[in-house]
Amino acid sequence: MFEPIYIADFNVVTPIGFDLDSNWNALMSNQSGIAQHTIGKINEVYVSKIDDYKLAEQLGNESIPSDFSRLEKLLYLAGKPLLEKIELTDRTAFILSTTKGNVSNLSEGLTDDAYLFFSANKIAQVFGFKSKAIVVSNACVSGLSAVALAKRLIQMGQFDDAVIFAGDEVSEFVLSGFQSFQAVSDEPCKPFDLNRKGVTLGEATAAMYISKKKSSLEILGESSISDANHISGPSRTGEGLYRSILGALKEATIDSSQIDFISAHGTATLFNDEMEAIAFNRASLAQVPVNSLKGFYGHTLGASGLLELILSCQSLLKNKLIVSKGFEELGVSQSINIIQETGDKNLEIILKTASGFGGSNSAMLVKKI
């Protein structure tokens, strides 16, 4: 048996707050970051985007390199509160999760700056990491996969602790790609709802610190299975996600009846929501309260898994179920227990799921100690 790994600290930066507490307070007041913006040549589209003026205010007199990109500045703000409390050693892993990184730099001819490892190395250098930076870029399961990788590296004895960063921006390049699939909603997204029209994109950064030292949250189990169904569409039977959930349950040595809450991927696209509902039913989770945070933050791509895991951990610590914003009437073929009002519930074990292009799926179980 591998030794247990604990979640010790975390922080997030999003359009509704530049730290964990402000985000939590915004969620408690049902505040969404989704609004209409013009992104490049795409006018008045609903996205969740961080205000640049507020970003500049937050940076203030921070002594960061002059060549830091906007994304790197947001990653810095997410990670700084954690790294001020951590003593970094050569046994501390640093992992960056992102799908597109500084892809917008390509339009300006800055080819080198667009490499994902380039950003990772800049972040590692400014914070003084002593180990080589690791990049995880596996579509929209990247954030969750990065935590799983960090956990496994510690359990294998390669590291003692790990800091995981995640971040992605809303850009014209990414937005136009989703529009080419005709997957972008012309109103704020409505995960699992009968009248959902597609995804709303968002941007965020997040950071998490995990270690062997006992803390209040333990990673009980995790698993990632690819269904290899289609480059952009999930298995219609939920096979990959179903098997990911089973794998996480097996490692955790618990059964589905012990799960108190599910934070779903919930993109509000036709196929994703249907696939998740099928997978949850196959795993005997139909009655477990479930939400999607996409109605608050939009789909933050490579940041989504870590962002939503962090906020689900906060729900666990606070014994709070957060409403699945935008949901009104069930729009999937299988019955699932969508959370329709924020409220109190004693929580001990939560399940976080994620799915992405290429048939990727991930599941992670976290227990409150």
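Arginine 70 and aspartate 52 form a salt bridge in which the closest N and O atoms are 2.6 Å apart; a salt bridge is defined as a side-chain nitrogen of Lys or Arg within 4 Å of a carboxyl oxygen of Asp or Glu. This pair links distant parts of the chain, since arginine 70 belongs to helix H3 (residues 70-83) and aspartate 52 to helix H2 (residues 52-59), 18 residues apart. Helices (H or I, at least four residues) and strands (E, at least two) are DSSP runs, numbered from the N terminus. The structure is a predicted model, in which local features need pLDDT of at least 70 and side-chain atom pairs count only at pLDDT 80 or more, while totals for chains, interfaces and linings use all residues. Residues are numbered from 1 along each chain as its sequence is written, and side-chain values use heavy atoms, with hydrogens and water left out.

Aspartate 52 counts as partly exposed, at 44% relative accessibility. In this scheme, buried means under 20% relative accessible area, exposed means over 50%, and partly exposed lies in between (1.4 Å probe, protein chains only). In the whole structure, 23 salt bridges are found. A second example joins glutamate 251 to lysine 151, with the closest N and O atoms 2.7 Å apart. Because glutamate 251 lies in helix H7 (residues 239-252) and lysine 151 in helix H5, this pair ties together parts that are 100 residues apart in sequence. Glutamate 251 is partly exposed, with a relative accessible area of 30%, whereas lysine 151 is buried, with a relative accessible area of 1%.

A further salt bridge is formed by the side chains of arginine 282 and glutamate 239 (2.8 Å, N to O). Here too the pair links distant parts of the chain, with arginine 282 in helix H8 and glutamate 239 in helix H7, 43 residues apart. Arginine 282 is partly exposed, with a relative accessible area of 34%, and glutamate 239 counts as partly exposed at 22% relative accessibility. Salt bridges that share partners also join Lys49, Asp52, Arg70, Glu169 and Glu203 into one network.

H5 (residues 142-155) has 14 residues and reaches 20 Å from its first C-alpha to its last, close to the 20 Å expected at 1.5 Å a residue; the expected span is 1.5 Å times one less than the number of residues. Twelve of the 14 residues are buried, so H5 is largely enclosed by the rest of the structure. Apart from its neighbours within four places in sequence, leucine 149 is in contact with Ile95, Ile134 and Val136, where contact means heavy atoms within 4.5 Å. H5 is followed by glycine 157, whose phi is positive, near 90 degrees.

Positive phi values were also found at residues other than glycine. Most residues other than glycine have a negative phi. Asparagine 30, however, has a positive phi of about 65 degrees; asparagine 30 is placed in the loop between helix H1 (20-28) and strand S2 (34-39) and is partly exposed, with a relative accessible area of 38%. Glutamate 44 has a positive phi of about 50 degrees. Glutamate 44 lies in strand S3 (residues 42-48) and is partly exposed, with a relative accessible area of 48%.

Pockets were then considered. On a 1 Å grid over the protein atoms alone, a pocket is an open set of points where a 1.4 Å probe fits, with protein on both sides within 12 Å along at least five of seven lines, and lining residues have an atom within 4 Å of a point. The largest pocket has a volume of about 570 Å³, a volume being the space filled by probe spheres set on the points, which are joined across faces, edges and corners. Its lining comprises 28 residues, of which Ser232, Pro234, Thr269, Phe271 and Phe357 lie nearest the centre of the pocket. Helix H8 (270-282) and strand S15 (349-356) are the elements that give two or more residues to this lining.
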